[in-house]
Amino acid sequence: MRSLVVLEHIHKRHRLGSQSVHALSDITMQIDPGEFVAVVGPSGSGKSTLLSIIGCLDRPSSGGYFLHGQDVLAQSRRRLSELRNRRFGFVFQNFNLLPRLTALENVGLPLFYRRDGLRNPIARARLALERVGLGSRMQHMPGQLSGGEQQRVAVARAIVNEPDLLLADEPTGALDTSTRDAILSILAELRRGGLTVMLVTHDAEVAGRAQRTIRLRDGAIVGDSISLGTSSTSTIAEV
Ligand SMILES: Nc1ncnc2c1ncn2[C@@H]1O[C@H](COP(=O)(O)OP(=O)(O)O)[C@@H](O)[C@H]1O
Ligand SMILES: [Mg+2]
């Protein structure tokens with residue numbers, strides 16, 4: 001099986017005035033289709049930077065990145081934004097919904113950036129909202145929804161283009177535990193439907209839902225373990 005994502009010796013240095021921050025250091029890893037990967041590590045260890053690079057929101061300073069075997073770093077700016085829109089779904093801690101658009105309009109937004117004249121975008125946005133259990137909230141504005149509901153809208157927006165990979169950065173960080181569990185159940189359901197998920201978290205219980213955990217420290221991978229079964233924490237491989 002060909003890997004979905006292959007990173008080879010990725011480095012990322014952020015410039016900060018005259019200083020340079022080494023945010024990622026020699027990251028080599030791959031993600032196969034259908035995996036549910038948690039990324040954990042202390043604050044500042046490079047988790048968000050890693051997600052941004054995989055999602056083509058940011059470029060590495062050096063190294064190789066292949067998506068479905070295609071050399072991502074050789075693509076034009078225009079092709080990169082197309083990749084971003086079509087191949088990835090993003091979910092962030094603070095939902096990032098547009099406050100003046102309804103739930104349905106927020107979810108439909110990524111469809112309007114497509115160049116391929118998709119038929120029936122509204123029906124597709126509706127379907128995505130139904131998949132996250134919000135069929136009865138389509139015309140609500142974000143301000144009229146609870147935090148958990150807003151995050152479900154964000155998940156619907158992230159899946160509306162049927163991405164290859166869902167990238168979630170602390171998606172439950174702003175939620176209480178019962179709402180957190182509802183979001184995790186939705187992600188688990190999407191994964192059973194074939195979606196590949198990579199999720200950054202501080203929460204050990206959230207990481208426990210993933211079948212693979214990558215541990216970062218100071219920008220480097222210090223652990224990559226696979227657990228047997230969804231609730232098992234037993235480790236069969238530790239780097
Ligand atoms: N845009 C930026 N400019 C300068 N430094 C950055 C920038 N983004 C992140 N960093 C630095 O890179 C390191 C990794 O950051 P980040 O990936 O956000 O870590 P995490 O998500 O694990 O908390 C940190 O030291 C952070 O301060
Ligand atoms: Mg972060």
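I call a residue buried when its relative accessible area is under 20%. I'm keeping in mind that this is a predicted model.

**Entry 1: helix α5**

I started with α5, which runs over residues 147–159. Which of its residues are buried? I found G148, E149, Q150, Q151, R152, V153, A154, V155, A156, R157, A158 and I159.

Next I looked up what does the covering.

**Entry 2: T102**

Then I went to T102, which sits in the loop between β6 and α3. Is T102 buried or exposed? Its relative accessible area is 10%, so T102 is buried. Leaving aside neighbours within four places in sequence, I found T102 in contact with M138, Q139, H140 and M141.

**Entry 3: the open sheet**

Now the strands. Four of them make an open sheet in the order β2-β1-β4-β5, and the pairing is antiparallel. Why does the sheet leave one side of β2 and of β5 without a neighbour? Both β2 (19–31) and β5 (70–71) stand at the edges with a single partner strand each, so there is no neighbour in the sheet on one side.

A reminder to myself: strands of a sheet pair through backbone hydrogen bonds.

I zoomed in on β1 (residues 5–16) and β2. How many bridges join these two strands? I noted nine, with the strands running antiparallel. Here's one position I looked up: L7 stands opposite M29 in β2.

**Entry 4: around ligand 1**

Last stop, ligand 1. Its surroundings are H14, L16, V21, A23, P42, S43, G44, S45, G46, K47, S48 and T49. Which elements supply at least two residues of this shell? They are β1, β2 and α1 (47–54). Of the elements, α1 gives the most, with three residues.

- H14: an N or O atom in its side chain is 3.3 Å from a nitrogen atom of ligand 1.
- G44: a backbone N or O atom lies 2.7 Å from an oxygen atom of ligand 1.
- K47: a polar side-chain atom lies 2.8 Å from an oxygen atom of ligand 1.

How much of ligand 1 does the protein cover? On its own, ligand 1 has 560 Å² of accessible area, and the protein covers 62% of that.

How values were computed:
Residues numbered from 1 in each chain as written. Chains lettered and ligands numbered in written order. Predicted model: local features only at pLDDT ≥ 70, side-chain atom pairs only at ≥ 80, totals over all residues. Heavy atoms only, no water. Helix = DSSP H or I, 4+ residues; strand = E, 2+ residues; numbered from the N terminus. Expected span 1.5 Å × (residues − 1). Buried < 20%, exposed > 50% of the residue type's maximum accessible area, 1.4 Å probe, protein only. Pairing = 2+ DSSP bridges. Near = heavy atom within 4 Å. Polar contact = N/O pair within 3.5 Å; in protein donor to acceptor, adjacent residues only side chain to side chain. Areas by Shrake-Rupley, 256 points an atom, 1.4 Å probe, with all protein chains shown as cover. Contact = heavy atoms within 4.5 Å.
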